[in-house]
Structures are given as C-alpha cells and as structure tokens.
Amino acid sequence: MQALVYDQASDTLNLEEAWAKPTPGPEDALIRVHRAGICATDIEVTRGYVPGYHGVLGHEFVGRVERCSSRPELQGQRVVGEINCNDGGFSCADAAYQRNHAPGRSVLGIINRDGCMSQWLVLPARNLLTVPSSLADELAVFCEPLAAACRILEQGLLQQDGRQQVAVVGDGRLGLLIAQVLALRAPGRVTHFGRHADKMALVSGTAAQVVVTEATAAEHAGAFHLVVEASGSASSIRTALALTRPTGTLVLKTTVSLHDPAMPGWSELANDIVVNEKTLVGSRCGPMDVALAMMEQHEELQQLLAAMIHKQLPLSQGVEAMALAQTKGVLKVQLVMHDNAASHSQHQLLREATTA
C-alpha cells in the first residue's frame, strides 16, 4: 500500500509505494483511511520530536472499517479513533489517565505504532467512534485536534463564574479550535491573541482579538485568570506567562523539538511562576465523543473547520503536502488516501439534502 514514511536516522520523508498493509489482531479493526489531517505534531516529528522515529506519520483521520471480528457492528461504519492504544490492558479508576497515559501504550503515528497517512491502518476496536452521518469527511477528520481543545473543558479549568477572564495565545490550527470551543462555552469572556487578524476573525463569540506585538505582554500583563498557550512556538510561553495573573493558571498545549533554538531556559520562567504562584497545567488528548457532539451541534464550529481547510491533496503528493503545511499562513492541509474512494464528502451531503 501507499504510505508517507519518515525515518529520523536518515532524516528522510518518502512516499512508499509498497509499505506492508497492516494485519489486525483479534481485538483490532482494519480501517480503510479516507482522509488524514497534517498537524504541528507531524511536522515536529520530522524535526526530531520523537527520537529514533521510523514509520508512517499521522494521527488525525476518518475512515471506514473493513474488518473487525471483536465488534462486527462496526464493519462498514465511518469512524474516527482515539490515538492512545492501551496495548497492555492497563486499568484504573481514572478514565482520563487510562486513556492518555496507560503504561506501555503505543500512540498512533507517534510512539511505536504506524500512523494514518496510509491507505489502511489498524487500531484497537475499543478506540473507535462512529461518525454521525451529518458530518462530512473533511469535517470529521478534525475530531482529534478538536478533542484536544475539549480536554481543557474535561480538566475542569473553565469556570462558570463570569468573572473568570480567559486568554488563548495562538491563531494556528489548534489555537483557533481552542478559542472557538472556549468561546462557545464562555461567550464574551475569551480574548484571542495571535499574529494574524484574518485568522482570528474566523472564530466567533470572542470578547476581543488582539494582534500580538512587542508591547502586548506589557499592555495586558496579569489580566487573565486562565491562559491557554497554543501558538506552536517555543518562545510564546513568555507572552502567555506575562498575561497570566498572580495565582492564575497557564495551560500549555505546544510541544516542540528539544532542538528548537527559540526555547527559553527554565530559569527565565521559574521566578515569575514561583513568586506569583502561577500554576502550569499540561493538556493533551481529549474526549472524542464530546468533540463529535460539539461538531454536530454548533454551526459556528462547522464553519470554522471548513474555513481552515487550505488544500486537499492525494496521498501520492504527501511529501509536497507536508511542505505546504509548513508554509507560513497555511492552516489545515488534508490528504485524501483513495482517489476513487466513496468518501462521505460535503458535496454528497448537499446532494442528499437536495434530493431528500
């Protein structure tokens, strides 16, 4: 099968034409991939984020189940999937810990498991969620990053108290999703900081949109109870930390290569954190069922997702697609895996609605 493969040892990214088609185990599903999204993590993997990486990239996908002996009801269904695979069968009372941090887990396209930028993939059947028929493939493929945005809600960091002022730093792929999710749950309380006014304008319901300059940190110093840093830049933690009020909470979403020269030293940040009693919270994968529900219920979110799609390219142009995704100003690039696949596109949905 075709697959987009990165090898860190040789620092090469290649479209492999004869990569071995995966074989599902008794608890797995074989999935024919319709689409995959390229995200910042995929790009960071090619910059050394995962030492020794060799395999298929990608973890954002939508596809159709071709074979699944443990859950035969899934056969033929369109699905998305949780990327963390509890290969050792770990169990505990904390569902989020078990989902995100099970010891010995593999992670789709990141740790010890081939990703989804290929024509087929294998995932444990328990990881799969069926996609509502109302959601086209080009929207459903956003489920994984949208779930990461919803993780902030799951962590209980957004208070219903109307006095809590919230800031989101970043207007890239994830920053836009986070700003929209929080604005839907806390309308009029979210201020969005970014480099591009046109990108931030895609998000509806925010209190304000601020184009970041060298003066931003000083002008808005200590103004926010909750700040989410999702810029994709190693250096933006400086701005995010400055925006956070004493005793406030800074949520970190950005992951970068250890070799990023823009990464600040810990001593540069620690004094502010300690003296002003600020709380740092890491935030990673979130609940995909919540993401699917929000996607289906909120027209504002569907409009944002559609507007974020910069280009859709066939898997045969995967190397070019990865380069395009790193181009300044580009939001989401999607790979279409099977050129003749009967995917559930927005055009099909419109035709179905017209003929109904």
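1. Helices (H or I, at least four residues) and strands (E, at least two) are DSSP runs, numbered from the N terminus. With that in hand, strand β11 (residues 166-169) pairs with strand β12 (residues 190-194) in the parallel sense, over 4 bridges. Val-168, for instance, has His-192 of β12 as its bridge partner.

2. A word on what you're looking at: this is a predicted model, where local features need pLDDT of at least 70 and side-chain atom pairs count only at pLDDT 80 or more, while totals for chains, interfaces and linings use all residues. Residues are numbered from 1 along each chain as its sequence is written, and side-chain values use heavy atoms, with hydrogens and water left out.

3. Now zoom out from that pair. β11 and β12 belong to an open sheet of 6 strands with parallel pairing, in the order β13-β12-β11-β14-β15-β16. β13 (208-211) and β16 (279-282) are at the edges with a single partner strand each, so one side of each has no neighbour in the sheet. From one strand to the next, the twist averages 20° (angles run from 0 to 180 degrees between N-to-C directions, and axes are lines fitted to C-alpha atoms, for helices over the stretch in contact).

4. Helix α5 packs on this sheet, touching β11, β12 and β14 (224-229); contact means heavy atoms within 4.5 Å. The direction of α5 makes about 170° with that of β12.

5. α5 (residues 173-185) also has a helix partner: its axis and that of α11 (residues 299-308) come within 11 Å and cross at roughly 170°. The two are therefore roughly antiparallel (angles under 35 degrees count as roughly parallel, over 145 as roughly antiparallel, 65 to 115 as roughly perpendicular and the rest as oblique). Among the contact residues are Leu-176 and Leu-177 of α5 and Leu-304 and Leu-305 of α11.

6. There's another sheet to find. β1 (residues 3-7) and β4 pair over 3 bridges, and Asp-7 has His-54 of β4 as its bridge partner.

Terms used. Pairing = 2+ DSSP bridges.
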